[in-house]
Amino acid sequence: MIKRDFEVRLSNRLDALPPYLFAELDRLKAQAISEGKDVIDLGIGDPDTPTPSHIIEALKKAAENPENHRYPSYVGMLKYREACARWIKKRFGVDFDPENEVISLIGAKEAVANLPFAFINPGDIVLIPNPGYPVYFSSTIFSGGEPYIMPLKEENNFLPDFDSIPEDALNKAKLMFINYPNNPTSVTADIDFYNNAVEIAYKYNIIICHDAAYSEMSFDGYKAPSIFNADGAKDVAIELHSMSKTYNMTGWRIGFAIGGEKIIKGFSKIKTNIDSGVFQAIQYAGIEALDNGEADIERMSNIYSERRKIMEDGLRAVGFDIVPTKATFYMWVKCPKGYDSKSLSTKFLEDTAIVVTPGIGFGKYGEGYFRIALTSDKERLQEACRRLKNLKL
């Protein structure tokens, strides 16, 4: 066979993505493990406790039925969508038509990635929070949109300052991503914020995508609102809910979106051409979670609340300034003077064999902070706090 040169050329879309900023940290982590160090990984936002047994049993039963082995509905079984609508009504007091205003998701990430393809033309602006979930940016690039960064700053309680967005950007914007309770900052938003966002959406004809993946992870009696608790939101918004964090089902890949019929129908046209829906047995497990998982949510919230207290005390003891959180299983901590987020994360690993996530990995405005995920058991967190005393700052 004649050997020929062949060049693999990546698309311009991939060239437009920011560099993978965790590569060096991953290398150092792997090196530490290879040297036999006991690494405590507080960087990964992946629940460490198992999926509740009653949900697993529902999956087993449904998987034994051959009818569930066929192609599922693109938009989800009506039974599943009815369960989603029931849950939304009970949790937020808002009515949705399961046939036309609810759609199944292969996890919330899938929706974030695909939604811009339904509503964005080349050159349209997408308003993106920063720091924020990186897929908001990459999905905008893939769809041909132009990202406009909304800085989330401490002085604004990590909420976007809508008044600072130029008029020409608002006029060109077709989609806005918001996410509360927030990853990575863990802050929350009140109903006044959502009312303001909805007013802007109407004024400039912008669809709002509210990523509510962490809505059920809250402490101290706090309950997060839905964007649909704001007046008139149904015509301008779509809200994403995930079972990954709520019911410890990250690997199952199931969630749902709710919104006005026109937005849901537009999004469903993309999904029909990209995926074939969620395995029906998993949808039956989702029904079980939604209908009978309230105690699971309370139990997990109590676990994360205890873990949060352990880490707050441990970080304060070595001089970090901690602002208590009301939601998510993350802590967003300011770097001490003399360190940026990458150098501090490296210092954590070298001095204590603890992995934390540098804030710059979530965008330019994440610099100066690092994120801790409370996804290790309390004994490991207590060990991490003991090791923090070896942190030489």
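Reply:
**The strand and its partners**

Strand 6 (residues 207–211) runs parallel to strand 7, and four bridges join them. This is a predicted model: local features need pLDDT of at least 70, side-chain atom pairs count only at pLDDT 80 or more, and totals for chains, interfaces and linings use all residues. Residues are numbered from 1 along each chain as its sequence is written, and side-chain values use heavy atoms, with hydrogens and water left out.

Strands (E, at least two residues) and helices (H or I, at least four) are DSSP runs, numbered from the N terminus. Two strands pair if DSSP finds at least two bridges between them. Strand 7 covers residues 237–242. Its Ala-237 is the bridge partner of Ile-208. Strand 8 (residues 255–259) pairs with strand 7 in the antiparallel sense, over five bridges. There, Gly-259 partners Ile-238.

How many residues of strand 7 are buried? Six of its six are. Buried means under 20% relative accessible area, exposed over 50%, and partly exposed in between (1.4 Å probe, protein chains only). In a regular strand, side chains alternate between the two faces of the sheet. One side of strand 7 carries Ala-237, Glu-239 and His-241; the other carries Ile-238, Leu-240 and Ser-242. Both faces are covered.

**A buried arginine**

Arg-371 sits in strand 12 (residues 369–373). Arg-371 is buried, yet has no salt bridge. A salt bridge needs a Lys or Arg side-chain nitrogen within 4 Å of an Asp or Glu carboxyl oxygen. The nearest side chain of opposite charge is Asp-41, 8.1 Å away. (Lys and Arg count as positive, Asp and Glu as negative; His and the chain ends are not counted.) The Arg-371 side chain instead reaches the backbone oxygen of Gly-43 at 3.0 Å. Arg-371 also touches (heavy atoms within 4.5 Å) residues including Leu-42, Asn-183, Trp-332 and Phe-362, leaving aside residues up to four places away in sequence.

**Rings**

Trp-332 and Phe-362 belong to one aromatic cluster with Phe-158 and Tyr-369. Rings of Phe, Tyr and Trp (its six-membered ring) pair if their centres lie within 6.5 Å; planes under 30 degrees apart are stacked, over 60 edge-to-face, the rest tilted. The whole structure has 18 such pairs. Tyr-180 is in the loop between strand 5 (173–178) and helix 8 (191–204), while Phe-193 is in helix 8, 13 residues apart. Tyr-180 is buried at 2% relative accessibility. Phe-193 is buried at 7%. Phe-193 and Tyr-194 pair edge-to-face too: centres 5.5 Å apart, planes at 70°.

**Charged pairs along helices**

The structure holds 24 salt bridges. Arg-299 and Asp-296 form one, with 3.8 Å between the closest N and O atoms. They are about one turn apart because three residues separate them in helix 12 (residues 294–317). Arg-299 is partly exposed at 37%, and Asp-296 is buried at 9%. Asp-351 and Lys-347 join at 3.5 Å, four residues apart in helix 13 (residues 341–352). Glu-383 and Arg-387 meet at 2.9 Å, N to O, in helix 14 (residues 378–387), again four residues apart. Glu-383 is partly exposed at 23%; Arg-387 is buried at 11%.

Note on methods
A polar contact is a pair of N or O atoms within 3.5 Å; within protein, one must be able to donate a hydrogen and the other to accept it, and residues adjacent in sequence count only if both atoms are side-chain atoms.
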